[in-house]
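Visitor: Please take a close look at one residue for me, and then lead me on from there to a sheet in another chain.

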Amino acid sequence: MTQSNHPLEKWQTPAIKDRNQRITERPKALEINALEKSFEHKGKTNKVLDGIDFTAYKREFVCVVGPSGCGKSTLARLIAGLETKEAGEIYVEDTAVVEPGPDRGMVFQSYSLFPWMSVKENVMFGLTQSGMSKNSAETEALQWIDLVGLEKFSEAYPHQLSGGMKQRVAIIRALANQPKVLLMDEPFAALDPQNRMRMQQYLLEIWQNIDITIFFITHDLDEAIYLADRILVLDANPGRVHEVVNVPLPRPRQEDTLLSPAFMATKEYLESLVHPPQPEMDFEEKLSMVRLVPVNAEVPDIF
Amino acid sequence: MAIFSKSWTTPRVELDKRSRIWLTFASFAIPILLWSIVSYVPFIWHPQVEITDPGDVSYFREGTLIDKDIYQREVDKILVKQAETDKTVHLPQGEPANPVYLPAPHEVATALYTAFTTPPKRSNEPWFHESLGHSIQIIAWGFFWSMVFGLPLGLLAGTYDSASRLIEPFTEFFRYLPAPAFGALAVAILGIYDAPKISIIFIGTFFQMVLISANTTRKLNMALIEASLTLGCKGMSMIRQVIIPCVLPDLFRDMRILLGWAWTYLIVAELIGTSSGITWFITQQARYKNFDNVFAAILIIGFIGITTDMILARIGKRLFPWHGSH
């Protein structure tokens, strides 16, 4: 596919192109080479990831989308070191990934805050693990809590917080460790749409202000376009890189970005990649299924 | 007042407060009511006769309990004798009674008090509260040693698959060996006093404790372990700072259940070597046919069990306020 006839080409303004160009000139934050992973299920081997190549640059915001079962979560877990790879390499700032470590923070969909620790203790956890003294860890934790506006809740326990607040704590808990890459595995999927929107704005704000590369897994295309510099589109069965889409939207993103024509066009394009049009079911067949359901004859037909 | 509320028959719906109190009360009241009916309504059961006047029967004494048919036979004999000899006879008198092993509720209630106030038959024998104290001591030591060895092994087995493979198969086998079967062995090795008794409690609870605490640890939310891994926590530090605090409330609940098991092993344990503690009291009282005391002692075990459990449940709520609501 040549650049000239790419459907999103006309939205790539010079300013955006220039910005993307500058991103790719930065040092590499994350490099994935020929990564393979399969799971065994009932004796059958299922190749979830089949030769993934991808590079993310420093301070880049990358989203990963793809049909369900394409191994997006597995990819994030492999980078985190929570799964073992079969073949290929993963480098984070030129260091090979062999096991989980604090240089790759991770935020899970299920919050996974430690329920017996207060918000402050949760944020302090990673800091004290890396050998920081209690006092300085506390000062630092409080600064992070301040940053996401939870200072009133620093002594509260996770079960006393709303979903959005829990996820904010989970994010700063990961960020407090100053990881090189922040992996986020569908972190906002359990939130209601309004909260999700607010959390996305929060995340962008934090990301703009600190030196962090974000690798964000989602199944929500709106979310991916709104957040990402580049979107990694995966195929399912076997999981391969379908395309890496440059998002043709200027920064900073506003709420009305979601209504801009460029956004619409990108969404339509991604939609066609992730959910290719399915052949329609035979209409007659559907009708015969409906006829099996008895209809109350007293209710007049309105069609 | 509607005694029967709709929520009683809806599956898994929480009851209102009044129904809860009512049903808890009824759960104790119903057995006591049945017991009272059998004890106090003369025509229900009462298979024996308590003699109030021996009459002409030579071996009847006032207060003895005689089976109804034997009593009837003696009465018939006398009536026959009267018909034959035409002499005035003295018929025995009696009231329907229950066997000696079923004392009435009020007798047991009195015994609950008098058991503590009656001095022992011989001066070298312990008072009831001393026996009870001794039993509690045996349980406490047995359970303590079980926890000292059982909990760490269980935590390890629940955390590492390798430890589980090493520990659990043998434990699984050993827990089927009935603890009382080790009684003779325990006496041979540990003497006749408290040590073999403690060891029976230990054998009875230790193996279950390893398996149960391993299972509880395994149920720990994997996401929390993964989160702690990505925060740079591993090895012993993870066990100490993540796994133990996370499973502690569930382990606490397991310990409450296991403590109940320890009481069931107590009676066998105390028969080993020199009989002691509450079991000694029970067997002694049964020998004197003081079944009201026997019942009282059994009930007191129940009271101690349920009170400790309630206190521990309260402590658990205080210690782990975050538990059960996440």
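Guide: In this predicted model, Ser38(A) counts as buried because its relative accessibility is 14%, where buried means under 20% relative accessible area, exposed over 50% and partly exposed in between, with a 1.4 Å probe and protein chains only. Ser38(A) belongs to strand S1 of chain A, residues 28-41; strands are DSSP runs of E with at least two residues, helices runs of H or I with at least four, numbered from the N terminus. Leaving aside residues up to four places away in sequence, Ser38(A) touches Thr45(A), Asn46(A), Lys47(A), Val48(A) and Glu86(A), contact being heavy atoms within 4.5 Å. With Glu86(A), the side chain of Ser38(A) also makes a side-chain polar contact at 2.6 Å (N or O atoms within 3.5 Å, one able to donate a hydrogen and the other to accept it; sequence neighbours count only through side-chain atoms of both).

In chain B, three strands in the order S2-S1-S3 form an open sheet with antiparallel pairing, a pair needing at least two DSSP bridges. S1(B), residues 48-53, is joined to S2(B) by three bridges, and Val49(B) in chain B stands opposite Ile66(B) of S2(B). Across S1, S2 and S3 of chain B lies helix H2(B), residues 68-85, at about 85° to S2(B) (angles of 0 to 180 degrees between N-to-C directions of axes fitted to C-alpha atoms, for helices over the stretch in contact).

Residues are numbered from 1 along each chain as its sequence is written, and chains are lettered from A and ligands numbered from 1 in the order in which they are written. Local features need pLDDT of at least 70 and side-chain atom pairs 80 or more, while totals for chains, interfaces and linings use all residues, and side-chain values use heavy atoms, without hydrogens and water.
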